[in-house]
Amino acid sequence: MKSKRKFSIDRFLLLFLFLSILEILIFVMLKAGAYRKLAPALCKFLSAFVHKYSFIFDIINNLSMTFIMSYIFYMVALIPERKKQQSINKYINMYLINISRFLDDIILVSNHFISTEDKKLKNSPNFVSIVCKDTGRMGFLTYRDHFKKFYNQFMEEYQHLSHYIVFIDDELRDYLYKIVTSNFINQIKELIINSNELDEVFVEHLKITEITEITDLNIRLKQKL
């Protein structure tokens, strides 16, 4: 949806284009002597006026021609490019929304995990049900499953988003880089790679400060949407 500002600028350019074309038509008619068919007194006045101020008409006419050529370039080259950017922005926003939603889910799981006295990855927070493929029944993910599911979904969306990285502004790119390289994400990555070998290390090093950091980054990410 166009903003009011963008809509106003487009209307102004269109109005200016109309006035420029009108000015050129008047200029051509005056140069061609179309006024000679008018009343003698008016004809004499216009003849003297055109002769006296012809240099001003030349300047205005050149400016009008320049604007018309610029507008044609705007229509032919810049508008398709802007539409392309808008289309790309839709994909970027879609991936960013998914990434932010995945972060919301894992932050909830992590906070729940931190607040649990008996911290074991094989346990379940007993929320976010899934349908088991074999039985077709509803089941609950373990903490490990939650972290694994999050990491796979997060990286998949980020890889899709990386194709459009050149179209992302610097500040947003910086937030994404901080999220991807954060200790929080790296710990989950190590947990998945090393299977059960680093469970105790993960439990010990997952701190509330890291969850707070990733939460803050996610909030900033949402503000850019």
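Is Ser182 buried or exposed? Ser182 counts as buried, because its relative accessibility is 4%. Buried means under 20% relative accessible area, exposed means over 50%, and partly exposed lies in between (1.4 Å probe, protein chains only). The model is predicted: local features need pLDDT of at least 70, side-chain atom pairs count only at pLDDT 80 or more, and totals for chains, interfaces and linings use all residues. Residues are numbered from 1 along each chain as its sequence is written, and side-chain values use heavy atoms, with hydrogens and water left out.

**View 1. Overview of the protein.** The protein has eight helices and two strands. Helices (H or I, at least four residues) and strands (E, at least two) are DSSP runs, numbered from the N terminus. From the N terminus on, the order is α-α-α-β-β-α-α-α-α-α. The protein has 225 residues, and 32% of them count as buried. Its accessible surface comes to about 15300 Å², with 61% belonging to carbon and sulfur atoms. Such areas come from the Shrake-Rupley method with a 1.4 Å probe; for residues, only the protein chains shown count as cover. Among contacts with a separation of 6 or more, 66% join residues 24 or more positions apart. Contact means heavy atoms within 4.5 Å.

**View 2. Ser182 in its loop.** Ser182 lies between α5 (170–180) and α6. Its side chain reaches the backbone oxygen of Ile179 at 2.8 Å.

**View 3. Helix α6 against helix α8.** Helix α6 covers residues 183–193 and helix α8 residues 208–223; they pack at an angle of about 115°, with their axes 9 Å apart. Asn183, Phe184 and Gln187 of α6 meet Glu210, Ile211 and Ile214 of α8. Three of these contact residues are nonpolar, two are polar and one is charged. Ala, Val, Leu, Ile, Met, Phe, Trp, Tyr, Cys and Pro count as nonpolar, Asp, Glu, Lys and Arg as charged, and the others, Gly among them, as polar. Axes are lines fitted to C-alpha atoms, for helices over the stretch in contact, and angles run from 0 to 180 degrees between N-to-C directions.

**View 4. Asn186 in helix α6.** Asn186 sits in helix α6. It is partly exposed, with a relative accessible area of 32%. Leaving aside residues up to four places away in sequence, Asn186 touches Val180 and Thr181. Asn186 and Tyr151 are 35 residues apart in sequence; C-alpha to C-alpha, they are 9.8 Å apart in space.

**View 5. Aromatic rings.** The structure holds seven aromatic pairs. In one of them, Phe147 and Phe202 are edge-to-face, with 5.0 Å centre to centre and 70° between the planes. This pair links distant parts of the chain: Phe147 is in helix α4 (residues 143–162) and Phe202 in helix α7 (residues 199–205), 55 residues apart. Both Phe147 and Phe202 are buried. Phe113, Tyr143, Phe147 and Phe202 form one aromatic cluster. Rings of Phe, Tyr and Trp (its six-membered ring) pair if their centres lie within 6.5 Å; planes under 30 degrees apart count as stacked, over 60 as edge-to-face and the rest as tilted.

View 6. Leu141 is in the loop between β2 (138–140) and α4. At 7% relative accessibility, Leu141 is buried. Pro125 is 16 residues away along the chain, and the C-alpha atoms of Leu141 and Pro125 are separated by 7.7 Å.

Conventions
A polar contact is a pair of N or O atoms within 3.5 Å; within protein, one must be able to donate a hydrogen and the other to accept it, and residues adjacent in sequence count only if both atoms are side-chain atoms.
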